[in-house]
Amino acid sequence: YDLEKYYFAQGSKFWVAEVDGTVVGTVAFEDHPLIAGEPGSVAEIDGQTRIGGTDCEVNRLYVHPDARRIGLGKKLLEQCLDEARFRGRKNMEIWSDKRLDKAHRLYERFGAKLVGERICHDPDQSPEWGFYLALR
């Protein structure tokens, strides 16, 4: 909820998409130190399940149901991929609630591979799929 503290002050990016002045989508890009391990492997790092060999991630990709099917999720993901490439990042991790099938299909269309699963460390303890995306 605190974009300044958790994104901007950390050097990360956060975008919103609006339609007629209403926020209908969000996405965040986070740069992070290289996670140890073979690219695409699942690793336990400081008590968290992460994807080895990654140096950035996508978070908070959400599109309001009323704004779906117009390419907004694709545009938001492309914004993150462009930022990653601009920064010279090589491999991206994406963790996504297992219920978000449409998001998973979007990631896979961009070449992401399902490589693992975890229980999210958030208060909801949501089960998540982990995707690995090599940036070219």
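Visitor: What radius of gyration does the protein chain have?
Guide: A compact globule of 136 residues would have a radius of gyration near 14 Å. This radius is taken over C-alpha atoms, and the globule rule is 2.2 Å times the number of residues to the power 0.38. The protein chain agrees with that expectation, at 14 Å.

Visitor: What kind of model is this?
Guide: Residues are numbered from 1 along each chain as its sequence is written, and side-chain values use heavy atoms, with hydrogens and water left out. Local features need pLDDT of at least 70, side-chain atom pairs count only at pLDDT 80 or more, and totals for chains, interfaces and linings use all residues, since the model is predicted.

Visitor: Which pattern of helices and strands does the protein chain follow?
Guide: The protein chain has three helices and eight strands. Helices (H or I, at least four residues) and strands (E, at least two) are DSSP runs, numbered from the N terminus. Read along the sequence, they give α-β-β-β-β-β-α-β-α-β-β.

Visitor: How much of the protein chain is buried?
Guide: Buried means under 20% relative accessible area, exposed means over 50%, and partly exposed lies in between, with a 1.4 Å probe and protein chains only. By that rule, the buried share of the 136 residues is 43%.

Visitor: Among contacts between residues at least 6 apart in sequence, what share joins residues at least 24 apart?
Guide: A contact means heavy atoms within 4.5 Å. Among those contacts in the protein chain, the share that joins residues at least 24 apart is 56%.

Visitor: Which residues is Y107 in contact with, leaving aside neighbours within four places in sequence?
Guide: Y107 is one of the residues with the most contacts inside the largest core. Leaving those neighbours aside, the partners of Y107 are L61, L77, I94, S96, A112 and F131.

Visitor: How far apart in space are A103 and V63, C-alpha to C-alpha?
Guide: A103 is found in helix α3, and its 15% relative accessibility is why this residue counts as buried. A103 and V63 are 40 residues apart in sequence, and their C-alpha separation is 9.4 Å.

Visitor: Is L135 buried or exposed?
Guide: L135 sits in the segment after β8. Not counting residues up to four places away in sequence, L135 touches C56, L81, A84, R85, R89, K90, N91 and M92. With a relative accessible area of 7%, L135 is buried.

Visitor: Where does D20 lie?
Guide: D20 has phi near 50°, a positive value in a residue other than glycine. With a relative accessible area of 79%, D20 is exposed. Its place is the loop between β1 and β2.

Visitor: What value is phi of R69 near?
Guide: R69 lies in the loop between β5 and α2. At 82% relative accessibility, R69 counts as exposed. Its phi is positive in a residue other than glycine, near 75°.

Methods: A nonpolar core is a set of buried Ala, Val, Leu, Ile, Met, Phe, Trp, Tyr and Cys residues joined through side-chain atoms within 4.5 Å.
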